[in-house]
Amino acid sequence: MSRLKVTIDGNEAAALVAFKTSEVIAIYPITPSSGMGELSDQWSSEGQKNIWGTIPSVIEMQSEGGAAGALHGALQSGSLATTFTSSQGLLLMIPNMYKIAGELTPTVFHIAARSLAAQALSIFGDHSDIMSTRQTGWAQLASNNPQEVMDLALIAHAATLESRIPFLHFFDGFRTTHEVRKMEQLSDEDIRAMINDDLVFEHRLRALTPDHPVLRGSAQNPDVYFQGRETVNTFYLRTPKIVQNAMDKFAKLVGRQYKLFEYVGSPDAERIIVLMGSGADTADETVEYMLSKNENVGILKVRLYRPFSIEHFIQAIPRSVKSIAVLDRTKEPGSIGEPLYQDVVTAFTESLDSDDAKFKSLPTIVGGRFGLSSKEFTPSMVKTVFDELNKSRPKNHFTIGIKDDVTNTSLDFDPDFDIEPAETIRAMFFGLGADGTVGANKNSIKIIGEETENYAQGYFVYDSKKSGSMTTSHLRFGKKPIKSTYLISKANFIACHQEVFLEKIDMLKYAIKGATFLLNTHHPKDEVWNKLPRPVQKDILEKKIKLFVIDGYKVARETGMGGRVNTIMQTCFFAISGVLPKDEAIEQIKDAIRKTYGSKGEEVVKMNFHAVDKTVENLHEVEIPDKVTSDFELPPVVSDKAPDYVKSLTAEIMAGRGDFIPVSMMPIDGTFPTATTKWEKRNIATEVPVWDPEVCIQCGKCALVCPHATIRQKVYDEKYLENAPGTFKSTNFRGKEFPDMKYTIQVAVEDCTGCALCVEVCPAKNKKETRLKAINMETQYPLRIPERANWDFFLEIPEIDRREVKVDTIKGSQFLEPLFEFSGACAACGETPYVKLVSQLYGDRMVVANATGCSSIYGGNLPTTPWSQNKDGRGPAWSNSLFEDNAEFGLGMRLSIDKNSEYARELVAALKPEIGDDLSDAILKADQSDEAGIYEQRQRVDDLKKKLESIDKPQAKRLLHVANYLVKKSVWIMGGDGWAYDIGYGGLDHVLLSGRNVNILVLDTEVYSNTGGQMSKATPRAAVAKFAASGKPLPKKDLALIALMYKNVYVAKIAMGANDVHTVKAIIEAEKYDGPSIIIAYSHCIAHGINMAKGMDNQKAAVESGHWPLFRYNPDYRKEGKKALSLDSKPPKIPFEKYAYMETRFKMLTKSHPEISKQLLKLAQEDSAYRYHFVKKMADILDGETNGKNGNQ
Amino acid sequence: MDLKTNYLGLKLKNPIVPSASPLANDIDNIKKMEDAGAAAVVLESLFEEQIRHESKELDHYLQFGAESFAEALTYFPQANDYRIGPEEYLKHIKMAKDAVDIPVIASLNGVTVGGWIDYSRKMEQAGADAIELNVYYIPTNSRLSGVEVENLYIDILKAVKAAVKIPVAMKLSPFFSSMSHFTRRLDENGVDGLVMFNRFYQPDIDLENLEVTPNVILSTPHALRLPLRWIAILYGRIKADMAGTSGIHTAEDVIKMLMAGAKVTMMCSALLRNGIPHIKKVLDGVKTWMAEREYDSVNLMQGSMSQKNVADPSSFERANYQKALQSYRPNI
């Protein structure tokens, strides 16, 4: 039977089978598995059916724990159910997994294997999560590439039904889940042939039903629990054979034969490597190469890791083997070896214990770790391991792929060792996230895979920033099957889609001799050579590289493509590479355009067609001169002024050389210095704001809304202007608070993202030219050098004394130094202005517990952190524990601080005679309610410390260590709505009722932003999100009102764009309240599909429509008999629809489901009206209550 | 009493047609218009910009930020089918045709000859009985001559006429140097009707925010005078049917317009202000007036007060200016 050839990624391959063989799919988004759930939801909403002709029911749960619980229920009730998850998500499923296995319940969970959060979180691939579940009683089946993912997914679904053992089918996160590979798609007939309906009926017969009632899930006691646990043994014993039978049946049906343990290599190999996952393909490729060099080697790919069949394992290993290296893609600190190694040793040892043992003695077996967090695993590393096995005493417990210069576990490998067949074309593309490069390359590899005879593979690498991020696409294709599961390091074709990258990255180091280099440049072809950096010219000459250029920017501009050069550069690639005849290539590109954009209307299609047609005539080959003419060298990664730490570690990571950082240079416990984003100078903005002091009214709004803290204002004495650079701007301060002082607004143009939020909110207009404001966007490049000097000068001007500032005003708050700066958040992010404001108000004494999500990524993703420090070295201390536990994590911080503070006070009291009454009393009775109070207490604590040094008592030493806790600390618990409304809600609820002084800031984007826009319970009705493709049918959960019901919690709902003064006030009140506070901040988001520069307008509209009523509830006021609940926004004055139409998340529903959209928008209108009305009534009730009773509850 | 009239070759039961307005976006409103006695309905315009930009805008925002960050490769679920503005408009034509028996006139608004003109054919296929072309053009280019501006209209007309078989009317601006010459050119190029005139929404200045704001001011009956004059002047000189629009609020307004030479009168502001049932009130008023004056048919009065047929043709010309000024007495 001929099957469809498709070019898809591993996630889609798994989802295709899972969807076809399931009835209930309960999921929760987590990278890199989210794609599987999203596709399932999409297919379900499109009405696609499973092999039994019914549409699987897909539900998004509040956490992975919730998904596992729902699945457990669905399975017990007789459904075929599945889920997809990763990493921490899998850990949250463990309790249910024991239950599901204990009850012998057939199911398959498809796992994108990913690192676990230890010293740091990592979204990338390894087997740490899988290995953490090997004790749960689930079968574990490993796929090594996207084709295997599809095949083994089906084998798993078939085998689970027969064995009654639940299966984890796993494959490597990103490397396999996100690798696009040409493969054969299994048909419905294939799936039907593999799935035995009789076994499905048996599963249904075991369902809990009142028609045949049983009890399952009893509590057992010492008398029988043990025996009960042993009843399952036979099921485990027979499972390997069942799986092998399924593999054999599959082979007959489809032609691809799999084995539980699959040996590849010389039949009489003496050295073998045992491993599983994507690394096995690279090992396979390397073995093929080494065999051709007459090396006697082989590898054993472990597919069924649990139940581990010693019999099949030993059978698969050649009798000739003398030494074995077992590679684990995980780490178990403190163990005597990683799990697969230990299993192999045990398997061999046990196999010796029989009369007809295949092996009479143990071969040399060593274990090693590789590939943690998607660390590259290359043929060179494979060869190195084989070479190590040649030694008489190969190193055990080694690592490969890193340099461990501390415990010297690592094996050295040759980074230049290359075995890729010359006939495989390797192409690398360096693009900007925003220019569409990856999307176009996905189309290209699809075209090559599906329209030519070539094998094809695409893999895409993104950087750690959400704005101005660079993407690197790695495409391979050729006549030979591709087994290379590692990045390209020797390319035939290199394309640079943004010319600025030439100054930042040495991309031609990847070029092989005679390679082709395609450059998008605005320089004409005759001038381009002289504009190239010197190292680029050298590489071109030395490697005899052919250079092609196109002014893709111009073609994009002329064809209406804006900044998206994707289609243009894709066309160039096909035109130059010759992978298809030119006309055919163009037809295929156009066909792909039609498929990609067709649903969005003819105009987009036409625009892209136009770009394709215009490309070829603008593409030129450059004649290469015979000598280097440029003297432009690549600039250093960071300034010379950067601290050594930044130069030696951070800068190396920034330069893309993080792989070469040895173990000794890494922090031992995941602790990093803060204040490092300022060394990046990313220069990603093409336009930046420029201040006009003449027009400026000095309101501070631009600084307030700046998401990246790149606009700052200072007020200062004129004397500081003495050595000002010529272009430094200054004017008289206008207010009464600082008479005769100077005022400056300064922009950090090298850190600015060019989002223009500041320009949009600027209320001052130039009276002569009303198009101009007090802040206007201008081209960055000419400003770069002078403004760099101005910024440095500005930083040298002393910060204002915090005691002199009216912090509860916009202007005043913006004189405070931001201690959160230059984050990698999206340009015009709606969250970071709040975070920055909090850092300005409390940064010098705050501790932050940050839930996993956008804020933890822009806050804590290496190489740098935006959390910063003031000149005294004080600043926010920040940590991220997990996604689900953030409220509890923050509460723990509060408990600890309170305890330390209490202990310090006890010690002060105990040491009163030595410290002196005055100082002791002043410390113990200090009023720290404002900046002056904090300042004075700090002075007292400094005095105290001095005194303590001369007091020879153990208590004095103890007090010295906790004395800083005598100064008030501010605990902030931050996170998004996914955390607060969904996965962390239980903990949040508990913390709200703890009575402790914590400040919770919910950055509510109304969607899971970080994982790509999945619905949360904060998503409003009628909005489209992933898992709500037809619009969210139910209203947004009102977390603020829930919190309000607790009476003892300070609650505020804020939206900076609607009322900035209210925002500042609420944050100050919340912090001041000596108890739990929760602030829910409307945060416009890229996931809303809006013009981000106008994000503050969207916030305003959200409030004006009644969707987001502003209010503050202050329990202190209630006690004082004052108005406790203050409704701070006016009754809705615009219809919800008007707000909704400003955002694609609502608007797209009017295009995709017009009728549903109409109904939902009507209901959403009612929601808004009701929400406002409800808060108003509540305010009236509370007002009446305090008026009636005169307070005190 | 015979209220029937012919407009663009369509046999209409009376001369009152709601002109293009947001009211016609709702099928229920269109039904109410028919119930109130409207003889046909002009749908709100499909704008060239809508056709050109809506799909680009949707594409832009759906892909914005995508494929940039490893955890969020997209931000929206994929939908296989979007009903972009034009498609939705075409569906609306079909629904309107299914809902009412009166003719449905689709309206297309644009200023260049381009791909969007294809939509006239799609409108025809969707069942539109006629097309009203609305060329909303403000010639700000100082190098563009009046002839070139006129040519733009002619080119668009020709392109649409070549694309469809159904009648094509053109909604005109009153700002042409030589209205008679220009309308003759349109006539020669096969225009089936002229809708006179388009009310340009004039921008206003918001003094608070120093911004230019487009605020809509509904027409008053005074607006009637301008089209009334030109319909009266052109009546009998061109083959195309004329529709009077702007300032039609009462039965008297309708009658005046018909007498000037209009085949139909079009109402918008009056309906926005007074609601759809206002059609019936005006229609009843027309009937009463006709009955009182013993007019048997609308046909009888059409053009009766045109320049050609009035006792003093100069009253529609410059000489009339003098008289008008003399008649004005300031209220001091």
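This is a predicted model: local features need pLDDT of at least 70, side-chain atom pairs count only at pLDDT 80 or more; totals for chains, interfaces and linings use all residues.
1. On the contact between the chains, chain A contributes 40 residues and chain B contributes 32 residues. Four helices of chain A, namely helix 2 (34-45), helix 15 (437-451), helix 21 (602-618) and helix 41 (1144-1152), each supply at least two residues of the side of chain A that touches chain B. The largest share of that side, 5 residues, belongs to helix 21 of chain A. Sorted by class, the side of chain A that touches chain B holds 16 polar, 14 nonpolar and 10 charged residues.

2. Chain A contains an open sheet of 7 strands in the order 3-2-4-5-7-6-12, and the pairing within this sheet is mixed. Strand 3 (57-60) and strand 12 (304-306) of chain A are the edge strands, and because each has a single partner strand, one side of each is left without a neighbour in the sheet. On average, and with direction ignored, neighbouring strands of this sheet are turned by 20° against each other.

3. Within chain A, strand 6 (residues 139-142) and strand 7 (residues 167-172) pair in the parallel sense over 4 bridges, and Leu168(A) in strand 7 is the bridge partner of Gln140(A). Helix 3 (residues 64-76) of chain A packs on the sheet, where it touches strand 2 (24-27), strand 3 and strand 4 (81-85) of chain A, and its direction makes about 165° with that of strand 4.

4. Helix 29 (residues 886-910) of chain A has 25 residues, which at 1.5 Å a residue should span 36 Å, and this agrees with its end C-alpha atoms being 36 Å apart. Among the buried residues of helix 29 of chain A are Asn886(A), Phe889(A), Leu891(A), Arg894(A) and Val908(A).

5. Thr650(A) lies in helix 22 (residues 644-654) of chain A, and it counts as buried because 25 other C-beta atoms lie within 10 Å. Leaving aside residues up to four places away in sequence, Thr650(A) touches Tyr645(A), Thr676(A), Trp679(A), Pro863(A) and Thr864(A). Although Thr650(A) and Glu680(A) are 30 residues apart along the chain, their C-alpha atoms are separated by 9.2 Å.

6. Lys543(A) sits in the loop between helix 17 (534-542) and strand 22 (546-550) of chain A, and with 16 C-beta neighbours inside 10 Å it counts as partly exposed. Residues up to four places away in sequence not being counted, Lys543(A) touches Ala511(A), Lys513(A) and Ala515(A). The C-alpha atoms of Lys543(A) and Lys1047(A), which are 504 residues apart along the chain, are separated by 73 Å.

Notes:
Residues are numbered from 1 along each chain as its sequence is written. Chains are lettered from A and ligands numbered from 1 in the order in which they are written. Two residues are in contact if their C-beta atoms, placed from the backbone, lie within 7 Å. Ala, Val, Leu, Ile, Met, Phe, Trp, Tyr, Cys and Pro count as nonpolar, Asp, Glu, Lys and Arg as charged, and the others, Gly among them, as polar. A residue is buried if 20 or more other C-beta atoms lie within 10 Å of its own, exposed if 12 or fewer, and partly exposed in between; C-beta atoms are placed from the backbone. The expected span of a helix is 1.5 Å times one less than its number of residues. Two strands pair if DSSP finds at least two bridges between them. Axes are lines fitted to C-alpha atoms, for helices over the stretch in contact, and angles run from 0 to 180 degrees between N-to-C directions.
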